Each structure stands twice: as C-alpha cells, then as structure tokens.
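I opened my notebook beside the structure today. Here is what I looked up.

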Amino acid sequence: MAPIHSNAQRCSPRKSQSARRGLNLLTDSDKELDPKELIQKMSQIVDLLGEDVKRTRKVDEIILYNAHSDRAQESQKLMAEKETAEKAQADGKGAEENLRKMLERFTATHADVVKCGICQKCIDRPFTLINCGHSFCYGCLREWFHNCLLKQLKWRDIPAHLKQKPVTAAKLKELFENKYIYVVHYTCPTAGCLTDVESKPIENDLAGSMINVVNDILGPPMKQVDPNPHLNKPDIWADIFYDEA
C-alpha cells in the first residue's frame, strides 16, 4: 500500500485532490478485505487518477492554445504596424521624388521664364515695348535698334562715319538735322512679331522685381547679362530716339 500513497503525493495540486479522493476509498477496515475487493478498490483509485490526468492535460492544452493565440495576434499586429510603416516610408519617398522632379522642372524652366529673347540670357533691367508688350534687356534693345538704324543707312549717300558704329546721340542728331533721314524704322526683336516700335521702351520694374525674387531663391542662371553702363546717362535712349529741342 505504501507505493500507492507515495505516488499520490507526487501529483500536481489538481492531481492530489483526486488522489486524496482515491485514497479516501481505503479505510482501516479495507485492510481486512480479501484480495479481489482490494484490487477493485485499487482500480477505482487508478481511474480517478487517470481522469485527473486527462483534465490536467486539457487545461494545459487550453493554456498553450491561448498562449499561441496571443502570440499569433501579437505577430499579426506587428506585421500590420510594419506594413503601415513601410507604406508611410514608400509614400514619403514618393512625395520626395515628386518634389525633386517638380524642382527640376521649375529649375529647367527658370532660365526660360527670365530669359531675354535677344541674348538668351537672364534679363538685366527689363524694358518693355509699349506697342507689343515684349520685354528685353536694355543693352540688347540698344544693340537691336542700332542695327536697325545702320541697315537703313547702309545704301544711303551720306557721310561714311554716320553709317559706322558706334551709334551716338550726336550722329543721330546730325542725321536728322542734315535731313539725311526723316524717320527711323524700328521693330520688335521677337520672331513672328516684328511690330513697329514708335515709342521709347519703358522700364518694367515689376518684371525686374519678380526676376530678382526668383533669382534670390534659385540663384541667378548661368548666363547672366553684364549691367549696361548707358543706364547711368540722363537720357538712356538719346542715341536711338531723336527728340527735337
């Protein structure tokens, strides 16, 4: 009988309860039972212990299942967070790439936006033609108008020095006062426009300010016009438009 009592003591708390119930089946009077009755009671005790083992296994399986379920849920949560982070990272890279392309396009068109139609460089002190609205560098307009004048003088029978550069206010005055010419025909330099220019161009302060703002942000284009010294003269168009005193 001692070995049976010893095994019951080694059972878990849940098992020990069934073991105690099984051992309670044995009383002092059972010691006087014949072997068959004793074996029957021993069989009952074994059945109780077996049921306890089954219940214990079932509880362990439930605990294990819950643990696996919790880990699975945690794993799914982590995977969802990872996917969200990866999507956010991809969206961020996409937005960064779109911004980079926009800046590249803006930078590429920057030079065209502030470009003079004559020299193809960034406009320096833009002047606008009243008749058509096109704007150009002051120095470029001067050179264009001078060439227009010299072409008109090329085949005229006039003193040679008047048909040569540089064109000056004194030469222009000589041309008109000596009646070598009565009018000068100037046109807009823009191809496809060629509108007659009859009035002095006016300085476009608004366009100049906008160009300066853009250049301050992006930096001036590589092709920059050198400032023209004639802008410092009292009458900057004196060698192009003749005003009778």
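Is Tyr 242 buried, partly exposed or exposed? I found Tyr 242 partly exposed, at 23% relative accessibility. Buried means under 20% relative accessible area and exposed over 50%, with partly exposed in between (1.4 Å probe, protein chains only).

I noted that this is a predicted model, where local features need pLDDT of at least 70, side-chain atom pairs count only at pLDDT 80 or more, and totals for chains, interfaces and linings use all residues. Residues are numbered from 1 along each chain as its sequence is written, and side-chain values use heavy atoms, leaving out hydrogens and water.

Next, I looked at the aromatic pairs. The whole structure holds nine of them. Rings of Phe, Tyr and Trp (its six-membered ring) pair if their centres lie within 6.5 Å; planes under 30 degrees apart are stacked, over 60 edge-to-face, the rest tilted. Phe 145 and Phe 241 are edge-to-face, because their planes stand at 80 degrees, with the ring centres 5.9 Å apart. Phe 145 is buried at 0% relative accessible area. Phe 241 is buried too, at 10%. I then checked Phe 176 and Tyr 242, which are stacked, 4.8 Å centre to centre with 10 degrees between the planes. Phe 176 is buried, at 17%.

Last, I turned to the core. A nonpolar core is a set of buried Ala, Val, Leu, Ile, Met, Phe, Trp, Tyr and Cys residues joined through side-chain atoms within 4.5 Å. The largest one has 29 residues. Phe 145, Leu 149, Tyr 186 and Trp 237 have the most contacts inside it.
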